[in-house]
Amino acid sequence: MEICEETGFFHDDFAKFRSGISESEFKAFSQLENDAQRVRFVHEIVEARHGGKLWNPVREIGIGKNLTKAVEIMKRGDSALQYEKWQDALQCYNDACLLLPSGDDTERALILASRSSSLFHLNKYDLALHDIELSFKLNYPEDMRYKLFERKAQIFSALKNFPAALDCYRETFTALHACNLDREMREKRLKETHKLIVNLDLYISNIKKYLEPIKRATAKEFVPHMDKSLFFDCTESEGRFARTRNNLKPNNVLLKEQPHASVVMPDCSGTHCDQCGNRIEVLFSCPYCVDVVYCSENCQKLAPLGYHRFECGFLTFVRKSGANVVAMLALRIVSQKSEEYFYNMQDKLDHLSNDFVDSLPFDDYRKVYNFVTHSEQRNPEDYLKWTAMSVLLNTVLVAAGFCKSSSLKGILLHNLQIVTYNSHEISELQRRKPQDPGVSVCIGAGLYPSLVLFNHSCDPGITRYFVGNVVYVRTIKNIPAGSIVAENYGQLYTRANRRERRKLLAENYKFECCCQACEDDWPSVHDMDPTMVRFKCGATEGCGNGLVFRHNSVESELKCGKCGGFTDVNDAFEALKKADFRNRYNEAVRFCSQGQYELALSKYASVMNSLDELLVHPFMEYHFCQQGIRRCSLELGNRFIDLKCAQ
């Protein structure tokens with residue numbers, strides 16, 4: 001896997017750097033034994049032949065910010081608001097927030113106040129209230145505050161919080177005395193507001209005994225989860241991998257995990273939160289750059305305390321270099337900490353036991369340090385390019401004031417290797433219209449300390465989906481106690497033949513797959529024989545051997561080659577008929593189409609449990625149910641409908 005895109009100045013710069021290295025020097029590089037030596041080699045050449053700097057990034061603060069454009073876009077939003085184009089207005093106000101320079105608090109207050117109006121009309125009441133409060137904090141003009149108090153009153157009325165609405169109408173009445181309306185209009189508004197206050201006060205008095213305390217929805221704090229059945233085993237052939245102590249049923253949520261580090265794709269940097277990966281509904285921006293956006297005030301505050309204080313002003317340089325999401329993730333692992341953190345960590349990275357690593361929090365670097373790098377399979381040319389990329393990334397950290405030397409190049413080079421083979425794509429289900437099935441689109445990448453320990457199978461036992469950058473893992477088949485719990489790194493056996501699957505895995509992950517689907521060469525769905533049924537042996541308890549029956553066969557009994565017992569064909573077909581696969585499966589599909597995803601998931605799992613008692617894998621019906629669970633799971637995660645296409 002490459003660490004940079006085809007376009008970008010890194011390719012040309014590296015080509016010049018490579019051309020200046022003699023054959024004897026390159027041979028010496030190819031014989032180096034560790035990353036520290038490789039970094040030192042490149043660093044010495046840069047010092048001797050490039051004046052100590054192959055790249056010289058300069059922080060670009062305020063580039064892209066423009067007060068005039070921000071005001072112009074805000075006015076377009078105001079115009080859209082007048083024509084009741086609420087979504088268009090919201091987009092304009094978001095764009096204006098992004099372009100507004102730091103320090104223009106009055107203009108920001110005006111934009112947020114207008115944005116609250118579009119949010120109110122879109123029934124996004126909590127977001128509208130938040131924008132109103134921010135406007136007040138930014139000293140929204142006194143002579144216009146009556147508008148915001150009135151909007152708050154309307155929002156609380158819509159939320160059936162009548163006491164709060166009454167308080168806001170009273171504040172509206174007070175604020176009207178300082179408004180910028182002419183005398184006649186002010187008197188008219190005062191009378192109207194007073195009438196609303198009297199009527200609402202009377203209404204509350206009449207229904208007071210029926211009123212219940214208002215329960216405001218609060219954001220749920222994320223709680224990580226790992227099923228107690230899961231544990232991580234270790235063997236010489238498999239390395240570390242997930243296994244289960246107990247029998248697992250389909251539709252069991254095994255894992256909820258935050259990433260050790262994550263990044264959004266450059267193409268998504270204006271639509272998804274750089275901190276948590278959620279799609280932006282109400283935009284919060286960095287005061288100094290337009291390279292990232294945030295979904296909330298909380299994320300906006302967190303990022304500058306961590307990685308963004310070192311990345312701000314340099315992201316354009318990094319992206320223009322061609323550094324891809326893998327390289328960005330390698331950088332983020334470092335930039336979210338501090339030089340002191342890694343300096344203190346250097347002597348703690350050796351001789352880490354698995355039990356100790358498992359006990360560490362997800363954001364501890366030791367949690368990811370020992371992930372597989374496949375360094376022994378990398379050719380010297382690749383190693384030289386990757387080392388040069390680590391130098392480029394290090395120059396950014398030095399220029400940002402993160403560190404003062406090349407001390408982190410070795411860590412950056414190591415990170416480039418671990419993220420290449422251990423990171424996961426963060427996805428979002430996207431539709432052009434509500435009725436479309438949608439496609440799963442990569443919106444970023446993350447490094448997940450527990451998820452990465454699930455080994456591969458072409459017949460995986462789990463599916464994963466994302467809420468923001470948090471990964472959820474759900475079972476999609478029955479997994480017996482003691483078995484490996486596997487995910488899929490490439491193609492499913494149902495979609496590609498064994499040769500194609502193994503070729504892809506060998507190229508990208510440096511191993512040959514020996515899962516059951518590969519060992520037994522299971523057919524893809526396209527190649528499955530519809531005239532054949534593989535019944536599970538019922539002659540001896542616990543046998544479970546597959547008994548092949550073809551539709552044109554006249555056999556009344558099937559003899560098991562494993563236990564020697566006989567299974568009555570008619571009894572087997574009668575049991576299959578009672579399982580009522582088609583009707584139960586169609587019911588699950590209907591639940592899914594109606595948006596009742598939890599019901600659909602339960603129904604799919606129930607059908608799979610019935611089929612597992614009667615048939616032996618592989619068979620098409622089971623795959624259909626697995627696809628149903630995958631589809632419902634995606635619906636519970638990140639998803640987006642392009643409203644412009646839907647109109």
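Modeller: Let me start with a cut-off: a disulfide here is a pair of cysteine sulfur atoms within 2.5 Å. By that test the structure holds zero disulfides. Bear in mind that this is a predicted model, where local features need pLDDT of at least 70 and side-chain atom pairs count only at pLDDT 80 or more, while totals for chains, interfaces and linings use all residues. Residues are numbered from 1 along each chain as its sequence is written, and side-chain values use heavy atoms, with hydrogens and water left out.

Now the sheets. Helices (H or I, at least four residues) and strands (E, at least two) are DSSP runs numbered from the N terminus, and two strands pair if DSSP finds at least two bridges between them. Two bridges hold β1 against β4 (residues 253-257) in the antiparallel sense, and His225 has Lys256 of β4 as its bridge partner. On to the next neighbour: β4 and β11 run antiparallel and are joined by four bridges, with Glu257 opposite Val471 in β11.

The other open sheet also has four strands, ordered β5-β9-β8-β16, but here the pairing is mixed. β5 (261-264) and β16 (639-641) stand at the edges with a single partner strand each, so one side of each has no neighbour in the sheet. From one strand to the next, the twist averages 35°; axes are lines fitted to C-alpha atoms, for helices over the stretch in contact, and angles run from 0 to 180 degrees between N-to-C directions. Four bridges pair β5 with β9 (residues 439-447) in the antiparallel sense, and Ser262 has Gly446 as its bridge partner in β9.

Helix α14 (residues 325-335) lies across β5 and β9, running at about 140° to β5.

Back to the cysteines. For Cys295, the closest cysteine sulfur is in Cys276, 3.5 Å away and too far for a bond. The sulfur of Cys97 is 11 Å from its closest cysteine sulfur, in Cys92, also too far. Cys97 is buried at 3% relative accessible area, where buried means under 20%, exposed over 50% and partly exposed in between (1.4 Å probe, protein chains only).

Finally, the rings. Rings of Phe, Tyr and Trp (its six-membered ring) pair if their centres lie within 6.5 Å; planes under 30 degrees apart are stacked, over 60 edge-to-face, and the rest tilted. The whole structure has 25 aromatic pairs. Phe310 and Phe402 are edge-to-face, with centres 4.8 Å apart and planes at 85°. That pair links distant parts of the chain, 92 residues apart: Phe310 is in helix α12 (residues 308-311), and Phe402 is in the loop between α18 (380-399) and α19 (409-422). Both Phe310 and Phe402 are buried. Ring pairs also link Phe10, Phe14, Phe17 and Trp55 into a cluster.

Technical notes
Contact = heavy atoms within 4.5 Å.
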